[in-house]
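Subject: Structure for you to look at

Dear colleague,

Here is the structure I said I would pass on. My notes on what turned up in it follow below.

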Amino acid sequence: MIPSRNPKCMGKYNFEDIARFAKKRFVEGYETLELLSQAKSQREREEIALVCLLDVDDAQIVALELDCRYAGKCKITDCRERLRKMIAADLANG
């Protein structure tokens with residue numbers, strides 16, 4: 001497992017791996033189920049699920065009170081914003 005650069009953000013996941021799936025989903029137009037069917041591991045399925053949550057409002061995500069070791073300190077909304085900006089830039093250049 002490759003640890004996240006910011007361990008308070010998305011827990012055990014690597015931002016670059018999630019960003020790769022986000023680009024496939026939102027820039028290249030792959031459907032969620034298609035990505036899930038191509039996943040090679042449980043970890044990839046979890047990363048794809050995190051990407052799918054980009055469609056969910058930040059307030060709802062925060063309200064989930066995810067049970068993880070970083071609960072209360074989680075910066076997932078920061079990463080979600082980074083992903084959204086990356087996707088918007090790719091679409092603008094695309």
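This is a predicted model: local features need pLDDT of at least 70, side-chain atom pairs count only at pLDDT 80 or more; totals for chains, interfaces and linings use all residues.

First, the overall picture. The protein has five helices and zero strands, so written from the N terminus on, its elements read α-α-α-α-α. Of its 94 residues, 30% count as buried. Among contacts with a separation of 6 or more, 66% are made by residues 24 or more positions apart.

As a general point, an α-helix has 3.6 residues a turn, so residues three or four places apart point the same way.

Next, H1. This helix takes in residues 15–27, and its 13 residues should span 18 Å at 1.5 Å a residue; the end C-alpha atoms are 17 Å apart, which agrees. Buried in H1 are Phe15, Asp17, Ile18, Ala19, Phe21, Ala22 and Arg25. Just after H1 comes glycine 29, with a positive phi of about 85 degrees.

Then leucine 54, which sits in the loop between helix H3 (42–52) and helix H4 (58–63). Is leucine 54 buried or exposed? It counts as buried because its relative accessibility is 8%, and the cut-off for buried is under 20%. Leaving aside residues up to four places away in sequence, leucine 54 touches Ala22, Phe26, Arg80, Leu83, Arg84 and Ile87. One of these, phenylalanine 26, is 28 residues from leucine 54 in sequence, and the two are 9.9 Å apart in space, C-alpha to C-alpha.

Finally, the aromatic rings. How many aromatic pairs does the structure hold? The count is zero. Two rings do have a charged residue over the face. Arginine 25 lies over the face of phenylalanine 26, at 5.0 Å from the ring centre. Lysine 24 lies over the face of tyrosine 30, and there the figure is 5.7 Å from the ring centre.

Best regards

Conventions: Residues are numbered from 1 along each chain as its sequence is written. Side-chain values use heavy atoms; hydrogens and water are left out. Rings of Phe, Tyr and Trp (its six-membered ring) pair if their centres lie within 6.5 Å; planes under 30 degrees apart count as stacked, over 60 as edge-to-face and the rest as tilted. A charge sits over a ring if NZ of Lys or CZ of Arg is within 6 Å of the ring centre and within 35 degrees of the ring normal. Helices (H or I, at least four residues) and strands (E, at least two) are DSSP runs, numbered from the N terminus. Buried means under 20% relative accessible area, exposed over 50%, partly exposed in between (1.4 Å probe, protein chains only). Contact means heavy atoms within 4.5 Å. The expected span of a helix is 1.5 Å times one less than its number of residues.
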